[in-house]
Amino acid sequence: MRIATWNVNSITARLPRLLAWLESSGTDVLCLQEAKVAAEKFPVTELRELGYEAAVHATGRWNGVAVISRVGLEDVVKGLPGDPGYDGAEEPRAVSATCGPVRVWSVYVPNGREVDHAHYAYKLQWFEALKAAVAGDATGSRPFAVLGDYNVAPTDDDVYDVAAFEGLTHVTPAERAALTSLREAGLSDVVPRPLKYDHPYTYWDYRQLAFPKNRGMRIDLVYGNEPFAKAVTDSYVDREERKGKGASDHAPVVVDLDV
């Protein structure tokens with residue numbers, strides 16, 4: 001079974017690449033982030049023609065997540081129970097589903113913006129709500145994983161130059177402590193192998209030639225429980241999909257399971 005996570009940075013802009021990638025990669029389940037469309041505009045027809053169903057939680061031009069599956073789609077939960085909300089409203093940042101023998105969450109963790117910004121406090125509160133929401137499945141006997149854009153680099157090795165991020169979000173002790181707390185619920189980091197260079201970065205800014213210079217970050221993560229981690233036979237960053245015209249600024253992270 002092949003499972004992947006990908007922040008596509010607008011499914012409308014990325015649709016031809018997404019459909020081609022699903023066909024060529026043989027992916028069974030894709031956790032998708034930053035759909036940036038309303039749910040009624042999500043391309044369910046095009047996906048159905050390839051044999052995929054979609055559980056979508058999206059409301060408009062920002063955020064939006066989905067689980068896309070060709071091996072079943074059951075027990076869908078849209079939204080994060082206990083979501084703290086931002087500026088008086090909940091945002092479409094989480095959706096979960098059971099796909100065959102595996103249950104997954106697709107998550108798009110808040111960016112945080114700046115350390116002294118209200119969005120940063122919201123980010124930390126959102127992590128607490130996520131931990132509470134997944135705690136039961138994390139300790140269960142069924143393979144389970146939380147996949148998505150976490151907007152946190154777990155270690156200094158997960159950014160091209162930690163000095164370049166001094167005082168910025170994504171690398172702060174509080175954000176990394178939130179990741180540690182989430183793992184303590186019963187999850188482990190399934191670290192992918194890079195297809196090029198030494199570090200499996202998953203995101204490269206569009207600006208300043210970040211991708212060709214490999215100035216990246218590993219912020220798209222797969223956190224699986226023990227049954228999930230034991231079933232992993234391979235994991236890699238599909239860096240090729242970050243290349244070329246019209247690419248997302250994130251690359252897919254692919255996980256192969258023997259289940």
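Visitor: Across which strands does H3 lie, and at what angle does H3 run to E7?

Guide: H3 lies across strand E6 (94-99), strand E7 (102-108) and E8, and runs at about 175° to E7. Helices (H or I, at least four residues) and strands (E, at least two) are DSSP runs, numbered from the N terminus. Contact means heavy atoms within 4.5 Å. Axes are lines fitted to C-alpha atoms, for helices over the stretch in contact, with angles from 0 to 180 degrees between N-to-C directions. This is a predicted model, in which local features need pLDDT of at least 70 and side-chain atom pairs count only at pLDDT 80 or more, while totals for chains, interfaces and linings use all residues. Residues are numbered from 1 along each chain as its sequence is written, and side-chain values use heavy atoms, with hydrogens and water left out.

Visitor: How is the packing of two helices read, and what are the values for H3 and H4?

Guide: Two packed helices are described by the angle between their axes and the distance between the axes. The axes of H3 (residues 118-138) and H4 (residues 173-183) come within 10 Å and cross at roughly 5°. H3 and H4 are therefore roughly parallel to each other; angles under 35 degrees count as roughly parallel, over 145 as roughly antiparallel, 65 to 115 as roughly perpendicular and the rest as oblique.

Visitor: Which residues of H3 meet H4?

Guide: Among them are Tyr120, Leu124, Phe127 and Val134 in H3, which meet residues of H4 including Ala174, Ala178 and Leu182.

Visitor: Which strand order does the sheet containing E8 have?

Guide: Two strands pair if DSSP finds at least two bridges between them. The open sheet of 6 strands has the order E5-E6-E7-E8-E12-E9, with mixed pairing. Its edge strands are E5 (74-78) and E9 (188-189), each pairing on one side only. Within this sheet, E8 (residues 144-149) and E12 (residues 220-224) pair in the antiparallel sense over 5 bridges, and Gly148 stands opposite Leu221 in E12.

Visitor: What is the order of the sheet that contains E13?

Guide: That open sheet has 6 strands in the order E3-E4-E2-E1-E14-E13, and the pairing is mixed. E3 (53-57) and E13 (232-237) stand at the edges with a single partner strand each, so one side of each is left without a neighbour in the sheet.

Visitor: Which residues are linked into a cluster by ring pairs?

Guide: A pair of aromatic rings is described by the distance of the centres and the angle of the planes. Rings of Phe, Tyr and Trp (its six-membered ring) pair if their centres lie within 6.5 Å; planes under 30 degrees apart count as stacked, over 60 as edge-to-face and the rest as tilted. Here, ring pairs link Phe127, Tyr150 and Tyr223 into a cluster.
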